[in-house]
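Let us walk through this structure from the inside out. Keep the sequence at hand as you read.

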Amino acid sequence: MGIHRLNHAVLYVSNLERSVAFYRDVLGFRPVAMTPDGFRGAAFLQAPDSTNDHDLGLFEIGAAAGRSQAGRATVGLYHLAWELDTLDELAATAERLAAAGALVGTSDHGTTKSLYGQDPDGLEFEIVWIIPADLLDDDALAARKRIGRLDIDKERQRYGGQTRGGVGISIPA
């Protein structure tokens, strides 16, 4: 079985309109017209630079639904991680998440630079930039064993704000 990436995720949400607005306005997802005829309470979205049919499915279960307790009181998914191409995009996303009150943390994992957010239902997600293989060094590899404070400006000075990162280009020649 040769799994090589996540194609899409499906989330249960309490308010479909609010969730679509969040993913659209804060993270840049765009709605995809693929909800089956006669089916209510669902939306499908595609990430800005994705080639997937859709990256996110949202299914409304109603306002009475409680926030996710996964990891606190129940088992469940902790978070999904979406990859960005550049550190400039990571910085801009951090600003949008902060403005929306949705940025809950940042981390430097050595080879990855991460933002953590929560959607309106408290579902967590990660936005990540991955150091390309040709720029990896011993310091970045060793830092995978700790979680450090992310300084996006320092990382942009080190790697360049427009340097494309990611698994897709991180295969050493």
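Which residues touch the most other members of the largest nonpolar core? This is a predicted model. In it, that core holds 34 residues. Y23, L27, L56, L58, W82 and L90 touch the most other members.

Now see where the core comes from. The elements that give it two or more residues include the strands β1 (9-13), β3 (42-46), β4 (56-60), β5 (79-83) and β8 (124-130). The largest share, 5 residues, comes from α2. Domain 1 (9-60) and domain 2 (80-159) both contribute, so the core lies between them.

Take L56 as an example. Beyond its neighbours within four places in sequence, L56 is in contact with H8, A9, L11, Y23, F29, A43, F44, L45 and W82. Two of these, Y23 and W82, are also among the residues that touch the most other core members.

Turn next to α2. This helix has 13 residues. From its first C-alpha to its last it reaches 18 Å, close to the 18 Å expected at 1.5 Å a residue. L87, L90, A91, T93, A94 and L97 are buried in α2. Seen down the helix axis, these buried residues fall within an arc of 165°, so they line one face. An α-helix has 3.6 residues a turn, so residues three or four places apart point the same way.

What does the buried side of α2 pack against? Its buried residues pack against α1, β6 (103-108), β7 (112-118), β8 and α4. On the other side of α2, E95 and A99 are exposed. After the helix comes G101, with a positive phi near 70°.

Notes. Residues numbered from 1 in each chain as written. Predicted model: local features only at pLDDT ≥ 70, side-chain atom pairs only at ≥ 80, totals over all residues. Heavy atoms only, no water. Core = buried A, V, L, I, M, F, W, Y, C linked by side-chain atoms within 4.5 Å. Buried < 20%, exposed > 50% of the residue type's maximum accessible area, 1.4 Å probe, protein only. Helix = DSSP H or I, 4+ residues; strand = E, 2+ residues; numbered from the N terminus. Domains from an automatic or database assignment. Contact = heavy atoms within 4.5 Å. Expected span 1.5 Å × (residues − 1). Arc of directions from axis to C-beta.
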